[in-house]
Amino acid sequence: MIILEEVNRIFSVGGQEVRALDGINLQVKPGEYISIMGPSGSGKSTLLNLLGLLDRPTSGRYLLSGSDVTGLDDKQSARIRNKTIGFVFQFFHLIPRLSAVQNIELPLLLAGIPPRKRREKSTAIINDFGLFERRHHKPEELSGGQRQRVAIARAVINSPSLLLADEPTGNLDSKSGLDIITLLEALNQQGLTLIVVTHDLEIGSRARRRIHFLDGRIVADS
Amino acid sequence: MRTADILSFAWISLAAGRVRSLLTLLAMSIGVAAVVVLTGVGEGARQYVVGQFSSLGTNLVIILPGRSETSSGSPSTFIGETPRDLTIGDAVALQRLPTVKLQAPVVAGESGIARKGLERRVPVLGTTASLLSIRHLHLAAGRFLPPGDPRQSRAVCVLGVKVRQELFGAQPAVGRLVRIGEHRCRVIGVLASEGRSLGLDTQEMVVVPVAFAQMLFDTEKLFRILIEGRGRAELDRLKQQVLALLTRRHHGERDVTIITQDSVLATFDRIFSMLTLTVAGIAGISLAVAGILIMNVMLVSISRRTSEIGLLKAVGASNSAVVRLIVTEALLLAGVGGLLGLGLGLIAGRLVEQIYPDLSAAPPLWAVGAALGTALLTGLLFSLLPARRAARLDPVLSLAKR
């Protein structure tokens, strides 16, 4: 599914080079459930952004589903983000003006799918995620757990094969946090490759494969 | 993305910043309205002036004795012959040209006019019945000079209003006798007050038959001949025919000058078109200001929505899609503002027409098109910068914000 070969990511901050990722080699098989842990600034978020094609490696190669995506142009990588990758963020990133359904349908909207088809897909997911009652509410009228559910629905509505979650429970109380991680795990059970970045040991230890980061390197992979 | 979706997304975004959007809309519509009203009024003024000129007689051709050039290479200069005078015979001959509708010979001079011891000096115009129609004069009382052979001298006159007032006061003048120079003369009509004609105030003028004036001033020559052509299109042909005829009558000598009002009219036309354009240009500046406002709105809205733009990219918006979204928002603002402004401008034009019914304030079609076009163009131009800035936003950084 994912192959990273000697991936480096170097930022220059105030004229000084910072190696956020330092010679990363990583292979992920389809359907895996991986947690990435480590102190802040260790490079785990940078890795997630690279995997999600929001950022590019300074050097090295990234193969996604067998094809090299390192040098894709903006249009091509936008397409892959739309079709094959789903994102879940700590702060949900829902658009405040749009209702829950409209937020969920956003990837379909960007893909140019006609309204009726959008509605069909979103209705199915809304029912699955138990959001039917709240589908016309604006994000501010939803609880944190509900907002993250909407965000996850948005991430998977285009049936991606890779789901990237950056601290998905970081902004939730422990009960809704558990709720959300179980939802993500259920999606993984259905075959979705799931990569979760987290500070939370309890959440991180739930994954079958745990990767630890320190100073831009993988220090443990089990 | 589908166009309808882009539009509705842009609409929702604009609706979210309602006050900002409305203010920009207002600025845009004022700019467009200004262009529409000012060009409308300018164009109306131009048409008004042209119309006034036409009513004065744009088909008017004036013939003066003598060539306008100071030196002519003709033999007459050497012989010392003065240019041949224009005569009544010339005027009568001109009437036979197919392009000439009416002609009026004019003799001008100054003479005393007296009645019962009241006397004053007035400009006297000797002419024929046709002048009334050629110069669009009107009568306050009585009738104008009778038609007939212009060579026949009749002792009748038509007075200007002021002359009548001074000689007769409140009494009726038509039918009474006055003395012009040494000749007794019957008043047959009074001119309505009309302003100036041929550089003379019609209110202070006395009109007599041309032969009478020649006798009065003891001269054969005409001051000028006025001609009304059959149509504006034929004025050039008329000029050529007149010139050919008079040259033949004057033994091959080109010794007259022909003036048309067309050249004057064309100048006015140019001046007013220029003026309208200038005014439109000034109004256009307010459109540019509106454009800058749009840019400001877009910049503010982008800086408030950085995380949203990051999110759009994360869920699959390409840079060009982001540009399209932002530009669409601006175009929507500009377009709606433009249409509002057009409506506003047309209403204002109607108001102007209510106040000045003589003036048509309907904006020319090109101005409407130009105003709307400029509105959209400024919307486009001034949103490109914010849009490109949005597209360049690093999604990683913008998503790191809450």
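I began with helix H1 (residues 3-16) and helix H11 (residues 319-355), both of chain B: their axes come within 9 Å and cross at roughly 70°. That makes H1(B) roughly perpendicular to H11(B), a label for angles of 65 to 115 degrees. The crossing is right-handed, meaning that the near helix is turned clockwise from the far one by less than a right angle. Axes are lines fitted to C-alpha atoms, for helices over the stretch in contact, and angles run from 0 to 180 degrees between N-to-C directions. Helices (at least four residues) and strands (at least two) are DSSP runs, numbered from the N terminus.

The model is predicted: local features need pLDDT of at least 70, side-chain atom pairs count only at pLDDT 80 or more, and totals for chains, interfaces and linings use all residues. Residues are numbered from 1 along each chain as written, with chains lettered from A and ligands numbered from 1 in the order written.

Next I listed contacts (C-beta atoms, placed from the backbone, within 7 Å). Among those in H1(B) are Phe9(B) and Trp11(B); H11(B) includes Leu325(B) and Leu332(B).

Then I turned to chain A. Six strands form an open, mixed sheet in the order E6-E7-E8-E3-E9-E10. Strands pair if DSSP finds at least two bridges between them. E6 (85-88) and E10 (217-221) of chain A are the edges. E6(A) pairs with strand E7 (residues 162-166) of chain A in the parallel sense, over four bridges. There, Ile85(A) has Leu162(A) as bridge partner. Helix H6 (residues 144-156) of chain A lies across E6 and E7 of chain A, at about 170° to E6(A).

Conventions. Parallel < 35°, antiparallel > 145°, perpendicular 65-115°, else oblique. Contact = placed C-beta atoms within 7 Å.
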